[in-house]
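Hi,

Here is the structure I promised to pass on to you.

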Amino acid sequence: MLQLKSVLPIALLILLMGLLQWIGVEKFRFETALISDHEWWRIWTGHWIHANWTHLGLNATGLVLCLYLSSVNWTYWQWVWRILYLSSGISISFLLLHPDLGWYVGFSGVLFGLFVLTAIASLPSQAGMSYLLLAFIAIKILLEQFSTFNVGSGDIIGVPVLVDAHLYGVVSALMLFMIQSIYLRISDRAEGL
């Protein structure tokens with residue numbers, strides 16, 4: 001059952017993305033050259049801005065779907081730090097692996113990471129839905145990376161989709177899950193001593 005503490009941060013994020021979109025894409029998009037010139041906020045805001053309103057609408061719908069399909073009841077700050085972490089992980093991957101990338105906008109990489117994190121967190125309470133979500137994400141990533149079949153939404157939003165953002169979002173989420181698992185094991189062992 002959805003609780004207000006999880007719905008409110010998602011509603012606020014969608015409002016923030018709409019406000020940034022209205023202010024202007026160029027001021028917030030991920031832009032390698034401008035990040036190099038110390039415009040660090042673009043590491044995060046590039047994921048919260050979109051190519052157009054249709055693009056924003058698709059990502060906002062995906063975010064609501066992510067919340068609806070999972071059983072997480074994270075607090076505001078639990079959502080915030082995960083979104084900041086995923087945005088950072090994807091941007092660092094862009095800077096390291098795509099140094100010639102001119103600019104990027106969109107939340108889909110973060111969204112893919114959130115789907116993974118919410119599915120893993122929901123495993124104890126709704127294993128079937130969680131495994132279905134994880135399988136869907138895995139198949140979509142594999143198709144995007146290794147198939148010539150077009151599985152993207154580029155035609156709908158009117159700009160090419162950088163599918164590597166989806167991969168980097170998933171990898172960042174899995175890294176976070178592994179770090180948290182290791183931390184919990186160490187904590188459990190320390191308590192047992």
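Let's start where H5 meets H6: Trp-79, Arg-82, Ile-83, Leu-86, Ser-87 and Ile-90 on the H5 side touch Gly-109, Val-110, Gly-113, Leu-114, Leu-117 and Thr-118 on the H6 side. Sorted by class, the residues of this contact come out as seven nonpolar, four polar and one charged. Keep in mind that you are looking at a predicted model.

How do the two helices lie against each other? A pair of packed helices is described by two things, the angle between the axes and the distance between them. For H5 (residues 76–97) and H6, the angle is about 130 degrees and the axes are 9 Å apart. H5 is therefore oblique to H6, since an angle has to be over 145 degrees to count as roughly antiparallel. The crossing of H5 and H6 is right-handed.

H6 (residues 108–122) also packs with H4, this time at an angle of about 5 degrees and with the axes 10 Å apart. On the H4 side the contact is made by Asn-59, Gly-62, Leu-63, Leu-65, Cys-66 and Leu-69, and on the H6 side by Ser-108, Leu-111, Leu-114, Phe-115 and Thr-118. The contact of H4 with H6 has seven nonpolar and four polar residues, and no charged ones.

Now for the aromatic rings. How many aromatic pairs are there in the whole structure? A search finds five. One of them, Phe-30 with Phe-94, is edge-to-face, with 5.4 Å from centre to centre and 75 degrees between the planes. Phe-30 sits in strand S1 (residues 30–31) and Phe-94 in helix H5, so this pair ties together parts that are 64 residues apart in sequence. Are Phe-30 and Phe-94 buried or exposed? Both are buried.

Phe-94 has another partner, Tyr-168, and that pair is edge-to-face too: 6.0 Å centre to centre, with 70 degrees between the planes. Tyr-168 belongs to helix H9 (residues 164–192), so the pair links helix H5 to a part that is 74 residues away in sequence. Phe-94 has a relative accessible area of 0%, and Tyr-168 has 10%. Each counts as buried because the cut-off is under 20%.

Ile-49 is in the loop between helix H3 (42–45) and helix H4 (53–69). Is Ile-49 buried or exposed? Its relative accessibility is 0%, so Ile-49 counts as buried. Leaving aside residues up to four places away in sequence, Ile-49 touches Leu-20, Gln-21, Gly-24, Val-25, Phe-28, Arg-29, Val-105 and Gly-106. From Ile-49 to Pro-160 there are 111 residues in sequence and 15 Å in space, C-alpha to C-alpha.

The other one is His-38, in the loop between helix H2 (32–36) and H3. With a relative accessible area of 57%, His-38 is exposed, because the cut-off for that word is over 50%. Look at the backbone there too: phi of His-38 is near 75 degrees, which is a positive value in a residue other than glycine.

Cheers

Terms used
Residues are numbered from 1 along each chain as its sequence is written. This is a predicted model: local features need pLDDT of at least 70, side-chain atom pairs count only at pLDDT 80 or more; totals for chains, interfaces and linings use all residues. Side-chain values use heavy atoms; hydrogens and water are left out. Helices (H or I, at least four residues) and strands (E, at least two) are DSSP runs, numbered from the N terminus. Buried means under 20% relative accessible area, exposed over 50%, partly exposed in between (1.4 Å probe, protein chains only). Contact means heavy atoms within 4.5 Å. Axes are lines fitted to C-alpha atoms, for helices over the stretch in contact, and angles run from 0 to 180 degrees between N-to-C directions. Ala, Val, Leu, Ile, Met, Phe, Trp, Tyr, Cys and Pro count as nonpolar, Asp, Glu, Lys and Arg as charged, and the others, Gly among them, as polar. Angles under 35 degrees count as roughly parallel, over 145 as roughly antiparallel, 65 to 115 as roughly perpendicular and the rest as oblique. A crossing is left-handed if the near helix is turned anticlockwise from the far one by less than a right angle, and right-handed if clockwise. Rings of Phe, Tyr and Trp (its six-membered ring) pair if their centres lie within 6.5 Å; planes under 30 degrees apart count as stacked, over 60 as edge-to-face and the rest as tilted.
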